[in-house]
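Biologist: I have a new structure open and would like to learn how to read it. Could you take me through a few features?

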Amino acid sequence: MRFRTSATIKVGRMRISQVSDGVVEAPRRTWFNGVPPEEWMPATGVTDPDHPFRVNFGAFLVTGDGSVTLVDAGWGHRAHEVAGLAGAGEMLDRLADLGVRPGDVDRIVQTHLHADHCGWLIKDDAGTPTFPRAEVYVHEREIAYWTGEEVAAIPANHSMVPAVRKRIEAVSAAGLLRAFGGELPLSDAVTVLPAHGHTPGHVVVLVADGGAAAVIVGDLAHHPTHLEHPGWLPVIDHDPPRSVESREMVAALAAERNATLLAPHFPILTVVGVSRDSGGGVRATVRRDEDQAG
């Protein structure tokens with residue numbers, strides 16, 4: 001499997017680099033829970049409901065405002081245990097390719113705490129923080145959910161709960177955990193916005209400078225068509241109605257700001273633009289997708 005492991009775009013003076021921690025190709029019917037295949041297949045350009053979609057895992061590196069910020073933290077040091085994951089666990093190598101070592105990272109913003117997004121918060125089974133100086137920003141609702149009783153009652157979460165809690169406990173014990181609620185400006189160019197639904201405390205990250213803007217949308221979209229069809233939800237979404245509202249909010253923000261949209265599970269580097277049609281509906285356009293032919 002050929003795939004791109006990192007790529008960078010500029011947003012004003014800011015730079016956003018997507019770095020891979022592994023790639024898998026597999027059918028993704030679960031991305032369109034309850035939607036007949038004859039509806040979602042034409043929208044995604046496939047003719048077989050078991051078509052293997054390419055799915056990236058990893059993080060975004062954001063620089064240019066005087067800080068080194070990661071958005072999410074990939075699968076982590078146990079990524080090699082994930083079946084079929086090519087390039088498993090290579091995120092630190094990809095950051096090194098960009099000249100960034102773990103000690104250089106100032107902060108990490110977790111869009112949410114699913115295991116494929118928070119893995120590199122620790123670098124070993126002993127729970128040693130991978131990024132020794134990095135403050136880890138997690139929405140207070142997300143922390144409450146993953147450390148509470150409700151999460152363990154959901155079968156889909158059973159395998160994730162111990163791994164997620166271990167990571168949160170490790171960064172908390174190191175004095176690095178930063179809980180927040182509501183909108184969080186981290187600099188004049190980076191703002192964290194609540195976008196709940198996929199998980200109780202899911203957030204997105206707005207990067208804006210000099211009239212240019214981009215939104216790192218986390219798991220609000222697994223495929224660009226999700227932005228045109230906010231009701232086409234993955235089976236794993238915690239609160240579907242809230243998730244729909246969050247997708248609509250992000251699409252409206254992108255249309256208003258002429259912002260590009262980036263998502264961790266899109267192939268590197270898929271950049272999506274959003275516009276409104278004459279009826280007020282959303283149209284998502286892939287402006288640059290350098291990996292699809294790979």
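Modeller: Gladly! Let's start with terms: helices (H or I, at least four residues) and strands (E, at least two) are DSSP runs, numbered from the N terminus. Two strands pair if DSSP finds at least two bridges between them. This is a predicted model, where local features need pLDDT of at least 70, side-chain atom pairs count only at pLDDT 80 or more, and totals for chains, interfaces and linings use all residues. Residues are numbered from 1 along each chain as its sequence is written, and side-chain values use heavy atoms, with hydrogens and water left out.

Biologist: How many bridges join β9 to strand β10, and in which sense do they run?

Modeller: Five bridges join β9 to β10 (residues 203-209), and the two run antiparallel. One place to look is valine 190, whose bridge partner in β10 is valine 207.

Biologist: Which sense does the pairing of strand β8 and β9 have?

Modeller: β8 (residues 184-185) pairs with β9 in the antiparallel sense, over two bridges. Proline 185 has threonine 191 of β9 as its bridge partner.

Biologist: What should I know about backbone angles?

Modeller: Most residues other than glycine have a negative phi, and most peptide bonds are trans. In this model, aspartate 72 has a positive phi, near 75°. Aspartate 72 sits in the loop between β4 (69-71) and α2 (91-97).

Biologist: Is aspartate 72 buried or exposed?

Modeller: Aspartate 72 counts as buried, because its relative accessibility is 2%. Now look at asparagine 258, which also is not a glycine and has a positive phi of about 55°. Asparagine 258 lies in the loop between α7 (240-257) and β12. With 53% relative accessibility, asparagine 258 counts as exposed.

Biologist: And where is there a cis peptide bond?

Modeller: Go from isoleucine 268 to leucine 269: that peptide bond is cis, with omega near -5°. Leucine 269 is in the loop between β12 (260-262) and β13 (270-276).

Notes
Buried < 20%, exposed > 50% of the residue type's maximum accessible area, 1.4 Å probe, protein only.
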